[in-house]
Amino acid sequence: MVREYKKTKFEDDLKETYTVEIPIIYVIGLSNAINSIKKVIKFRDVMEQNECKIAILSDNPTIQKENDGYYLEMLTNEVVAMKYRIVLMNHFVKSLEVKETYDLIIIAITGGIISYSRQLIDDFGVTVYCAMKAVRADYVILNIFYGKYTKELWGKLEKQIEYILGERVDAYNMVNCILEIEKSESKKEFCMLEISQEMVQKKLKEIGQKKIYSLEELSEYERLAHDVINKLEEYAEIQEV
């Protein structure tokens, strides 16, 4: 179902932003090469089994083909100054909150949060930065490559990622791909080597972090959905105090 962008009363004053009360889940990644919109849709479907009505907003235009899918065109419009992209997105999300009856919103940004080198610049984290300035996150899911992580190294890596992002990361999704840096820099595009799911599961056991998932199996989607719901309920209880 195609959702057209329509101006609302919240867009009359581009000098003002609004507080968004509806819970917001961000799905982002280290690189656009591992940010799968199909997995976001599957995650939404699993979440909706808990009687939630959910919208997905994305800078990927293919999201318009999905029910309750909205294309964040303002984020990709290079003609519009960055600060107005932020304001327009804030107004758009507030408009959805007021006009629709969603229980929560998933915002899926395809641009990566970092640039790996001068040859692999990706998005510099610009799109994620704009989105998170427009609407605050209640829960953040970050896609990461498979790597030679250890239990000791993971703590340092997590702090570095959160420092770069400026947000707490609630859950990580480790994909079954290794980034081939040298080959990628040579071709100036992300080149990946696919590995077995068994290798990923072994790595997750080695790290021993419950907040790291492998979204290749239904049970992992269900585990993640359970954590999201619990966290959002905790936040709601705190706000009521």
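Q: Is Tyr116 buried, exposed or partly exposed?
A: Tyr116 counts as partly exposed, at 26% relative accessibility. Bear in mind that this is a predicted model.

Q: Which ring does Tyr116 pair with?
A: Phe190. The two form an edge-to-face aromatic pair. Their centres are 5.7 Å apart, with 75° between the planes.

Q: And where do Tyr116 and Phe190 lie?
A: Tyr116 is in the loop between β4 (104-108) and α4 (126-134). Phe190 is in the loop between α6 (181-187) and β8 (192-194). The pair therefore ties together parts that are 74 residues apart in sequence.

Q: Is Phe190 buried or exposed?
A: Phe190 is buried, at 18% relative accessible area. The cut-off for buried is under 20%, so Phe190 falls below it.

Q: How many aromatic pairs are there in the whole structure?
A: A search finds 6. The pair of Tyr116 and Phe190 is one of them.

Q: What about Tyr149 and Trp154, how are their rings arranged?
A: Edge-to-face. The ring centres are 5.5 Å apart and the planes stand at 85°. Over 60 degrees counts as edge-to-face, which is why this pair gets that label.

Q: Are those two buried or exposed?
A: Tyr149 is buried, with a relative accessible area of 11%. Trp154 is buried too, at 1%.

Q: Which residues make up the ring cluster?
A: Tyr70, Phe92 and Tyr102. Ring pairs link them.

Q: What lies over the face of Tyr102?
A: Lys53 does, at 5.2 Å from the ring centre.

Q: New topic: strand β1. How many of its residues are buried?
A: In β1 (residues 24-29), 6 of the 6 residues are buried. The strand is therefore largely enclosed by the rest of the structure.

Q: Which residues sit on each side of β1?
A: Ile24, Tyr26 and Ile28 are on one side. Ile25, Val27 and Gly29 are on the other. Both faces are covered.

Q: How does β1 pair with β4, parallel or antiparallel?
A: Parallel, over 4 bridges. Within that pairing, Tyr26 stands opposite Ile107 in β4.

Q: How many bridges join β1 to β5?
A: 5 bridges. β5 covers residues 139-144, and these two strands run parallel.

Q: Which residue in β5 is the bridge partner of Gly29?
A: Asn143. Gly29 is also among the buried residues of β1.

How values were computed: Residues are numbered from 1 along each chain as its sequence is written. This is a predicted model: local features need pLDDT of at least 70, side-chain atom pairs count only at pLDDT 80 or more; totals for chains, interfaces and linings use all residues. Side-chain values use heavy atoms; hydrogens and water are left out. Rings of Phe, Tyr and Trp (its six-membered ring) pair if their centres lie within 6.5 Å; planes under 30 degrees apart count as stacked, over 60 as edge-to-face and the rest as tilted. Buried means under 20% relative accessible area, exposed over 50%, partly exposed in between (1.4 Å probe, protein chains only). A charge sits over a ring if NZ of Lys or CZ of Arg is within 6 Å of the ring centre and within 35 degrees of the ring normal. Two strands pair if DSSP finds at least two bridges between them.
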